[in-house]
There are 2 protein chains.
Amino acid sequence: MEKVFHYIEENKDAFLKEWFEVLRIPSVSAVKEHKSDMIKTGEWARDFLQEKLGMSARLIPTAGNPLVYGESPKIPGAPTVLLYGHYDVQPEDPISEWRTPPFEPTILDGKVYCRGANDDKGQWCAQLCGMQTYLNAIGSFPLQVKVLLEGEEEVGSGSLSSFLDSNENCELLACDALLVSDTSAAGPSLPAITYGLRGVMSFELKLHGPNRDLHSGVYGGSVYNPAIALSKIIAAMIDENGKIQIPGFYDDVEPLSELERKAFAANPFDPEKNKEQIGIDAEFGEPEFTTLERRGGRPSFDVNGLTSGYQGEGGKTIIPAWASAKFTFRTVPNMEPLKIKAQAEAYIKSLIPPGITMELTYSQGSGGMVAPLDGKFIQAASAVLEQVYGVKPLYVRDGGSIPIVAKLRDRLNAEATLVGFGLDDDGIHSPNEKFNLDSFFNAVKTSALLWDAFANAK
Amino acid sequence: MEKVFHYIEENKDAFLKEWFEVLRIPSVSAVKEHKSDMIKTGEWARDFLQEKLGMSARLIPTAGNPLVYGESPKIPGAPTVLLYGHYDVQPEDPISEWRTPPFEPTILDGKVYCRGANDDKGQWCAQLCGMQTYLNAIGSFPLQVKVLLEGEEEVGSGSLSSFLDSNENCELLACDALLVSDTSAAGPSLPAITYGLRGVMSFELKLHGPNRDLHSGVYGGSVYNPAIALSKIIAAMIDENGKIQIPGFYDDVEPLSELERKAFAANPFDPEKNKEQIGIDAEFGEPEFTTLERRGGRPSFDVNGLTSGYQGEGGKTIIPAWASAKFTFRTVPNMEPLKIKAQAEAYIKSLIPPGITMELTYSQGSGGMVAPLDGKFIQAASAVLEQVYGVKPLYVRDGGSIPIVAKLRDRLNAEATLVGFGLDDDGIHSPNEKFNLDSFFNAVKTSALLWDAFANAK
């Protein structure tokens with residue numbers, strides 16, 4: 001550990017130089033004009049894997065942006081770890097709100113401001129620097145390390161998802177631990193391991209009534225109003241406690257274990273402060289669960305948008321011809337998206353009133369994931385984080401979804417270990433994105449210590 | 001009757017000439033540039049009242065467009081009739097869809113095409129020509145005739161409504177019968193008297209949840225979603241039969257009389273054809289009432305528009321910060337708008353869930369009206385229509401609302417007699433508005449016979 005920390009101290013400037021190099025390439029996946037920047041960024045990462053880490057590395061072409069893949073030699077009797085990250089970034093809009101140039105890394109007050117500083121270049125660059133540290137300060141890897149960086153995470157991970165549909169490709173990526181470097185710490189001095197994510201299923205329900213908007217005076221009371229029909233269906237989706245009313249919906253939901261409930265309870269989350277931050281005077285949800293359990297450990301139903309009839313100034317006395325709602329379910333592991341979809345569709349059908357027809361579109365679905373809290377790689381990572389930060393990490397089941405992580409985990413059948421160093425105020429996806437220098441170097445240190453810990457994990 | 005019909009036959013061209021003169025003035029109340037056309041139209045009507053009908057007539061200035069008012073002398077022992085109409089018209093947009101110039105009356109196949117041909121210049125011009133016929137073919141009016149034409153009906157009747165707030169003005173307009181010439185016949189050979197209109201009350205309900213759109217993954221299941229709260233409230237407004245669930249809502253609703261139910265049943269309305277026309281496969285509403293009774297004789301609740309969250313292509317995984325609905329009640333006579341408003345507000349308040357606040361805006365309200373079916377003026381007009389058409393008129397309670405008619409009726413305490421000659425296919429408010437020549441001359445004949453009938457009404 002001494003040698004490792006000493007090496008990092010000596011090479012701080014070199015690490016920053018490397019990180020800043022890749023930050024300067026504007027690899028915005030959402031904007032076609034940046035296509036050549038995507039290649040340039042992929043090549044930069046490939047070269048790093050080859051030159052600095054001695055890996056056999058290459059770009060793997062896809063229908064979209066290439067994947068970067070590299071691996072160190074297999075070590076007999078030792079596990080294999082796959083590091084996942086993404087080299088694409090969010091657009092820099094709105095540019096006018098940036099206080100520093102969005103693609104020129106600028107250090108202010110111990111923080112590096114740049115698009116991608118955290119999400120996700122800062123996170124995986126720190127991991128690569130940690131690997132470099134290990135190789136230079138200790139020696140060759142005690143286990144096989146694979147690195148997979150994709151260039152489409154901000155636009156849905158389409159190419160990587162297709163790539164994973166091939167068994168051959170999954171053999172290439174085969175690993176025991178899936179190390180994901182794209183989440184957050186619990187605070188500047190409080191590390192976290194995200195051991196669970198919810199799944200997400202997105203729908204749009206459109207109800208059709210009359211063939212045109214009708215005069216609500218002439219027809220009111222004699223024709224079913226599609227906006228009322230839609231409201232009745234949405235209203236029937238949850239009870240007054242937020243419990244979803246679709247028959248069979250909870251069939252496969254596993255109860256939270258004692259260990260998990262303890263992990264939720266260990267989070268220094270303050271419900272009063274939370275209410276104040278989001279501006280509500282009362283919380284809501286299943287009374288037998290805490291706020292964090294509701295968010296991270298239980299499924300939920302939300303309407304994301306409603307559209308019907310006249311939406312301008314003043315009024316228009318019509319019965320609208322149609323009404324639509326976008327809605328999502330967040331699911332927890334073990335729930336099968338296709339089963340939930342069939343249950344939801346049947347339930348909605350049963351609620352359609354006379355004179356109304358339905359059109360239900362299912363546009364996206366991915367399951368949730370949860371790693372065993374006592375999994376050996378999670379426990380190994382936990383011990384390293386405690387060494388680096390001086391405190392035990394929080395174990396977090398997060399309410400959000402990273403669909404590609406669930407798919408990687410499922411297809412590779414590996415223990416997902418999500419060790420992130422971001423902070424809530426890093427402004428990912430916003431102007432003035434930043435990554436604290438402390439976050440970056442804590443990540444480098446963690447990474448440098450992780451390989452021995454993983455190799456010896458039991 | 002012979003003399004009357006003969007006079008009309010002899011003067012057809014003269015009547016058309018007069019009607020076409022006023023049609024050519026583009027009196028679009030919604031468009032400021034037409035301000036001078038409004039005055040010109042008002043002056044045209046005033047001059048007609050003075051010169052052709054020998055009335056004492058004038059323009060009454062208002063904050064908006066002037067009222068046209070004229071009256072014949074009071075006849076001791078005889079009733080007074082007030083004819084109401086409006087001289088403003090709808091905009092001619094979209095001009096490209098007109099097959100003839102919108103402000104040049106053009107006769108095609110027995111129909112006069114022009115903006116305002118029916119609504120409402122054709123209807124009141126025919127009445128004035130009928131009066132002219134009476135004066136020339138029979139003699140002076142056997143009762144006092146008052147004429148009131150407003151220039152803002154298409155933009156909400158604001159000035160006339162304010163005018164009616166003064167008792168002095170109401171004394172000026174005092175009458176026994178309020179004759180309204182702004183509705184429809186039941187068909188080309190089937191006259192109708194509209195003896196009832198519903199009231200209308202318009203609201204907007206906006207529900208506020210968190211102070212910004214929240215990530216539905218991070219927060220879903222722990223925060224009440226305003227779009228779901230809104231749906232729950234709308235869903236609770238009617239039961240599966242369309243019965244409104246607000247406590248006390250039906251307290252003042254009068255049951256339909258036998259006479260009224262007979263009048264509804266006499267309408268040759270075809271539910272199957274109606275369903276086909278509006279494109280629905282099943283009707284809806286209170287099972288103990290017929291379709292026409294639900295529309296014209298019962299209150300109703302309709303959502304006119306819904307807005308919340310993300311409404312674009314694809315999805316956005318948010319809990320929206322707010323959700324809003326525009327909605328209307330149609331009321332029947334005897335229901336008190338302010339009482340209904342208080343009941344609705346209290347009911348909605350009782351349904352607000354934790355973490356949600358409400359903002360309810362009441363933007364417009366007018367009561368419904370119903371005239372006694374056996375009222376003496378209605379019966380007199382009915383007899384005249386039978387003379388002209390050869391069949392008894394239908395008695396119609398219409399589901400729509402003409403707020404100013406209800407106010408005129410209430411403030412003047414007169415028997416409202418709505419005798420209209422429009423047809424459903426006249427395209428009022430649309431391009432290619434027309435009025436059949438037959439409709440126009442049936443209206444002239446009816447008007448010419450009406451004054452004796454009203455004078456002798458018992």
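Is A:E293 buried or exposed at 3% relative accessibility? A:E293 counts as buried, because 3% falls under the 20% cut-off. The views below show this residue and others in a predicted model.

**View 1. A salt bridge joins A:E293 and A:R261.** The closest N and O atoms of the two residues are 2.9 Å apart. A:E293 belongs to helix α11 (residues 291-297) of chain A and A:R261 to helix α9 (residues 258-266) of chain A, so the pair ties together parts 32 residues apart in sequence. A:R261 is partly exposed, with a relative accessible area of 30%.

**View 2. A:D425 and A:K434 meet through their side chains in a salt bridge.** The N to O distance is 2.9 Å. A:D425 counts as exposed, at 54% relative accessibility, whereas A:K434 is buried, at 4%.

**View 3. In chain B, a salt bridge is formed by B:R24 and B:E104.** Their closest N and O atoms lie 3.1 Å apart. B:R24 sits in the loop between α2 (12-23) and α3 (35-51) of chain B, and B:E104 in the loop between β3 (80-86) and β4 (106-108), 80 residues apart. B:R24 is partly exposed at 38%, and B:E104 is partly exposed at 32%.

**View 4. Helix α13 of chain A covers residues 376-389.** Its 14 residues should span 20 Å at 1.5 Å a residue, which agrees with the 20 Å between its end C-alpha atoms. Among its buried residues are A:F377, A:I378, A:L385 and A:Y389. The buried residues of α13(A) pack against elements of chain A including β7 (177-180), β16 (394-398) and α15 (437-455). Just after α13(A), A:G390 has a positive phi of about 85 degrees.

Conventions:
Residues are numbered from 1 along each chain as its sequence is written. Chains are lettered from A and ligands numbered from 1 in the order in which they are written. This is a predicted model: local features need pLDDT of at least 70, side-chain atom pairs count only at pLDDT 80 or more; totals for chains, interfaces and linings use all residues. Side-chain values use heavy atoms; hydrogens and water are left out. Helices (H or I, at least four residues) and strands (E, at least two) are DSSP runs, numbered from the N terminus. The expected span of a helix is 1.5 Å times one less than its number of residues. Buried means under 20% relative accessible area, exposed over 50%, partly exposed in between (1.4 Å probe, protein chains only). Contact means heavy atoms within 4.5 Å. A salt bridge is a side-chain nitrogen of Lys or Arg within 4 Å of a carboxyl oxygen of Asp or Glu.
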